[in-house]
Amino acid sequence: MASAGGFPASFYGEPGVLGLLANGISAFLVLLQNFNGARTGIPAYGVENILAGIHLILIGGVCQLLAGLLSFRKYDHLSGTSFIGYAALWGSYGATRIFLGASEPPINNTSGQIVLNLTLGPELALPLISRSAIAGLIPYIGLSFILAFCSATVNYIMPFVFGAITATLIFEAVGLVGGWALVVSGVLELFILLFAIYGSTALLIKGIAQRYVLKGFGSPLFNVLLLGTANANTSQSLGQEKKKNTKYAEPMALGFFCDTISPFIFAFFCFRYLGSFAVGAAWVSIISAAQLLSSYYAYLRHDCYYTTKFGLHSAYWLVKAWEEYVLSFEMNRVLTDGTREAMVGNWFFVAIAIVLCVVSLNMDTLEVVHNIFFFLLTISTISQIPLNGYYIFFGVTCSLFTAISLYGTFARLINTIAEKLLIPVGPQPISTERLQKGLTILKKGKDREQLQSALRDPSAHLPDALFYITNGLAALSAIHRSQTNQFFLHLTVPWVLISGAIMQVYVSRLQVRGGQRFGSVIPSFYAATWATWTWYRFAGHLLGISTTSASGFTAGAIAFLVANAFIILIAAYRNLVLLSLTTMMEVLLVCFLLSTLDRLPYQLEIAILAIFSIICVYGAMASLVNCIFSKHLVPLGPPLLRNTKKKEVAPPPPCLVVDSRLTSGLITIARLLDQGSVCGIPTDTVYALAASCKNPKAIEKIYNIKDRPAEKPICICISNVEQLVAAKPPFSPLLWEFMRDVYPGGISCIVAKGEWLLKLGVGPAYDRVGTKDSIMIRVPDHTVT
């Protein structure tokens, strides 16, 4: 049955059918346009391009997005990453078609000549739109090749689909410059359609018949272990598609995937290949939304670090994209002296990037290097850098960040498919113990009540770091002087609106998802506050709002003050950092009220915004560190008010209880087994008692606990068939073929004992497993096991 926490993977259908069909139909739509243009000699234009763009967004974008979300719930790393990544591709390409259709010149019906139409301005001339599309397609070529290569370790249908997409993207990019390539692209798109139809048919029949009828799935083109083992020539399909009972797949590859495309588009823009960032902003916005999904699935996996990291990166790319859009499209790249230099919001990104570098020191080297390059990115976009060097510095760092993200995508995908470190990611720079010791401020044991609360409900505290980040970024970005020019106000709108309102709505959603419905009131209320602040203070001149017509905003500011007073009361029951934050927000709301009355002392507002941002930096660091290590290393301060009602504390369990869905829980179980303990673990059928087959005393404990007759043997469980291959048992070819067909699964094989069991690792417990002459082997179809 489904648990309250969510449905197991087997309760979902096969989303690959929808994902493959969405790719095939989207390719077919582009194919029709390419062949029609080649036949008539007139490329698609106007309404035809707009309708094609809408269809691409709905079919290739929305439908494939749904397939990707379901794939993540089926614990399918590769399909989830591929389908969501291609959903962003088709959605972005559809947006490009809409831009083309809206800006292309119509044909004069009487003379047949083209009439110039510049309704969207020279910034969206056709060559600029095509160049923006090329900037987006090129990184997808490399990523599609990686997806095709990785899928070859799983089956041999998806490599042909993704490989055809890779070749198609090459000729689509060339076709934006020379029309001849679109014919070749059309032929390749036909192959995409045919491969997708066959693959979706195979998966559909498999879902109905519950077995593979058509070839293509269930066995890979090559074994993924070939990438990391020397003796892989005798091993075969470890990479077979498996049903996983774990609820959510790892989203790290998707996060790195998105971090490859956005900086590449910015690099094209910084090196002056793009004259306008209008189309580029659409591409970056769509891919940033996909990166927000990687943050969301990291949250569902109770991974505070990646929830915060990918949420931060998404906010960064969104803010920079719409800042460049405003600068290049709305302002026509016109800057007055001091306009951009007055902005200080990027310094908050620098501070948080440093925090990420520190907390990742106990992870692999790839993660640390990726965070260091993101830190360089934030440094390169500081507004105080002179413009003549700003774009060069930013373009170079974007290029480097693209390269490390591309490698990270490949490494994370292969390693999650193989469930081994086949692609090197580097050692751990600092041990977890040393890092915790360096971060510890409070003595162990203090503020125990707050720590125990965090451990009881870890999901409730996962979004806290993002909550502080979004508020701090909005506050620091809102700092400005009196009587500033309108150009500064134009540039400030995306900084405050995206971070303070849009991203904070996402944080509120996470709070609701974690069961903190009352706690979600704070980010929801602050999202409304920053949105109102933006539209009045920074966009008021565009909306025709002045102090003489701001009576509605005055009444709203008073209402905000009253509501925030109740939020201060809530914060008093949480911790001192949140209480300080809400108190500073009350002072900021007073400043907002004074601004509606034209009585604002700007120096006071600047000081309060700065203090507010500093509190947010500390709150983000403390929340992130405490949540990652599940220890109170950095103090948030005790609650000012405490609930005097005594809660009934449940008696502690008689034995250690850990969550097998968390990495820390799996490490604990493995350590207990090595120490000779007996653990109750989930399998694909029932919960079972497990012990190490190296320890005879541990096996005796199982017999004693279950009161099991001594003559009733117990079986051994292994991870995959390749463990048996390494032990070289004298099995017949027919038995090997049978095992590779049925494992992992609920079938047990009884085989003859031999010296190969010692190579497998049974050790001193040789006589306590199985019978005198035989042993029963299982490969459970369960990720934890």
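This is a predicted model: local features need pLDDT of at least 70, side-chain atom pairs count only at pLDDT 80 or more; totals for chains, interfaces and linings use all residues.

Reply:

Lys320 and Glu323 form a salt bridge, with their closest N and O atoms 2.7 Å apart. A salt bridge here is a side-chain nitrogen of Lys or Arg within 4 Å of a carboxyl oxygen of Asp or Glu. Side chains of opposite charge can pair when their charged atoms come close. Because Lys320 and Glu323 are 3 residues apart in helix α9, about one helical turn separates them. Helices (H or I, at least four residues) and strands (E, at least two) are DSSP runs, numbered from the N terminus. Lys320 and Glu323 are both buried; buried means under 20% relative accessible area, exposed over 50%, and partly exposed in between (1.4 Å probe, protein chains only).

Residues are numbered from 1 along each chain as its sequence is written, and side-chain values use heavy atoms, with hydrogens and water left out.

Helix α9 also holds Lys309, whereas Glu367 lies in helix α11 (residues 365-380), so this pair ties together parts that are 58 residues apart in sequence. Lys309 and Glu367 form a salt bridge whose closest N and O atoms are 2.3 Å apart. Lys309 counts as buried, at 0% relative accessibility, and Glu367 is buried with a relative accessible area of 0%. Salt bridges that share partners join Lys309 and Glu367 with Asp364 and Arg412 in one network.

Glu250 forms a salt bridge with Arg301, and their closest N and O atoms are 3.7 Å apart. Glu250 belongs to the loop between α6 and α7 (252-270), and Arg301 to the loop between α8 (278-300) and α9 (304-330), so the pair ties together parts that are 51 residues apart in sequence. Arg301 counts as partly exposed, at 24% relative accessibility. In the whole structure, a search finds 7 salt bridges, including Lys320 with Glu323, Lys309 with Glu367 and Glu250 with Arg301.
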